[in-house]
Amino acid sequence: MPDVDPADHDITELGPLLNDVEDADELRAILDAERTGRDRDPVVTLIQSRIDAVSGTDDGDPGEIDPAEHSPAELGNLVRDTEEPERLEALLVAEETGENRSSAKTVIENRLETVRGGDREDSEVASPEQRHPELDHPTADKRHVRALEGGVYRDMWVYCETQQGGLLGVSEELLGKARELMDGYNERYGADERVVAVLIGDGVGDLAGECVALGADVVVYQEDERLARFRHTPYTEVFCDMARGAGHPHGRADGEAAWRDYDEPRYTLFPATNNGRDLSALVQAELDSGLASDCSDLYIENADVSNPAKTGEPGTTRSFERVLQMKRPDFSGFEYSTILCLDTPSREFHPQGASVIPGSFAAPTPDPAREGLIVEHDTPLATDWLAMEVAGVERLDRGVDLSGHDVVVAMGRGIGSDPTGGIELGLELVDAFEDAALGLSRGVITAAYEFDGHVAGYVAEERQIGESGQVVEPELYVACGISGAVQHKVGMDDSETIVAINTDPEADVREFSDYFVEGDLFEVVPALVDSLEHGELRLGEAVAADGGEQR
């Protein structure tokens, strides 16, 4: 039996192991063991390709094989040691004129890009339009801006969104968080990098001093009456023009240089508002980097990564410094994911960018004595950027504002057995307090519940609390029939006291509640109303009726 038993490993584990085997006879023994054992075609191909590499045979020459006879995974194994771009190009042509599988072409193209190492000019690489002239390409004329090679990156840039002549609350929060992050960054890495606030609009220069007081070291602003309202193209172009330093290969020849000595920001932060989400995606795409959207926490740390796509070599670990770690609720709704934007061996991913949910951080206390640099920027506004005009604006009524109340009563999917009755109970509990408001979880908004007319008006998206709704911080938050998904948690987690009512003793909401009542809300809420009216807690029968307990 050879030292490596292929039966004990899947194909992803075998690759690094086989790379350490230099003896062709040992590899043939591993191949025989696989064929007499599990006999997996991809594994057989992998071992044979390693034998060919060690013995110097050309049986696995990518330029001579028929790609139609191999799966994309097998092709990946065949080409991973190929250094000649001509052979890879021949294999790519064979695939395109044969099976034309997108996954197989991607494998070959990725290896081809790695081999070229980004040294070839874009003009030498066949574009999708050139390779597939028979297809309609509406973006054929779009200029794709590649990431920099060996770029210099510094500072944390914060897009400060404004409305009606003032900073949005989330802009203040982001400036405070950026100040905290960069203070820690400079101390840890012995650096002297800054918080740069970005203002775009009409009359926004008047807010520059406020940005400095909130933590910015530099404020870069551009104001023009044509920028009074957010528009995708001009805002994106202005921000990116600001971000690109003098001499940037994709910037203006007369770009700004006096106040900075780097190519692009190291980090960019945007508010996760409607406009902020749009702008963050457009800016990061134009700068050819990545974006973590709708984040609720940020921190900067080093990271050790072993993913071959990032290290360039299987079985190795690469240390990345100064990584912006961006936490956001994952798609399950009950866990957080931490997003990293890391470079690869063939390209750089900067700026590292995130959009942040409003209410995720506390707004800082302004310091009027702080001093900072204020820079007026002047990007020439092209006529075609302003082709669309805002003919008129109609302002809607303010709607429901749940912030600022002493108490918020929130109803969740627990009302499902009697939706109308559940809302009625919520309103009764609201009325039992002096200053309270009714909120809803997303589950109620998206469910197909039917409500009677007298309560239907209370079931509106504007009452939603959570990641895609309002953020509240009342003295008392009463969660009725709410499971406690992360998306809801970020909207109410800073409440002073949280009381949860749920029939499920394992509900996630229990983990972050100060008081948890195991019981049916249709029994517990009336008992709470009765307790408030009589000035003493009367929950015994309510929780006992459902076999629950008060905790």
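Strand β1 (residues 153–159) and strand β4 (residues 195–201) run parallel and are joined by four bridges. Strands here are DSSP runs of type E with at least two residues, numbered from the N terminus, and two strands count as paired if DSSP finds at least two bridges between them. Within this pair, Tyr 159 has Val 198 in β4 as its bridge partner. Strand β1 also holds Asp 155, a residue whose phi is near 75°, a positive value in a residue other than glycine.

Before we go on, a word about the model: it is predicted, with local features needing pLDDT of at least 70 and side-chain atom pairs counting only at pLDDT 80 or more, while totals for chains, interfaces and linings use all residues. Residues are numbered from 1 along each chain as its sequence is written, and side-chain values use heavy atoms, leaving out hydrogens and water.

Now step back to the sheet around β1. Seven strands make up this open, parallel sheet, in the order β7-β11-β6-β1-β4-β5-β12. β7 (291–295) and β12 stand at its edges with a single partner strand each, so one side of each has no neighbour in the sheet. On average, neighbouring strands are turned by 20° against each other, direction ignored; the axes behind such angles are lines fitted to C-alpha atoms.

The peptide bond leading from His 350 to Pro 351 is cis, with omega near 0°.

Together with Asp 202, Asp 206, Glu 223, Glu 225 and Asp 378, Glu 376 forms a negative surface patch. Patch residues have over 30% relative accessible area and no salt bridge, and like charges are joined within 9 Å; the areas come from the Shrake-Rupley method with a 1.4 Å probe. A salt bridge would be a side-chain nitrogen of Lys or Arg within 4 Å of a carboxyl oxygen of Asp or Glu.

Finally, visit another open sheet, where five strands pair in parallel in the order β14-β13-β15-β16-β17. Its edge strands, β14 (436–440) and β17 (515–518), each pair on one side only, and the twist averages 15° from one strand to the next. Four bridges link β16 (residues 497–502) with β17, and Ala 500 stands opposite Phe 516 in β17.

Conventions
Patches are made of residues with over 30% relative accessible area and no salt bridge: like charges are joined within 9 Å, nonpolar side chains (Val, Leu, Ile, Met, Phe, Trp, Tyr) within 5 Å. Lys and Arg count as positive and Asp and Glu as negative; His and the chain ends are not counted. The place of a charge is taken as NZ of Lys, CZ of Arg, CG of Asp or CD of Glu. Axes are lines fitted to C-alpha atoms, for helices over the stretch in contact, and angles run from 0 to 180 degrees between N-to-C directions.
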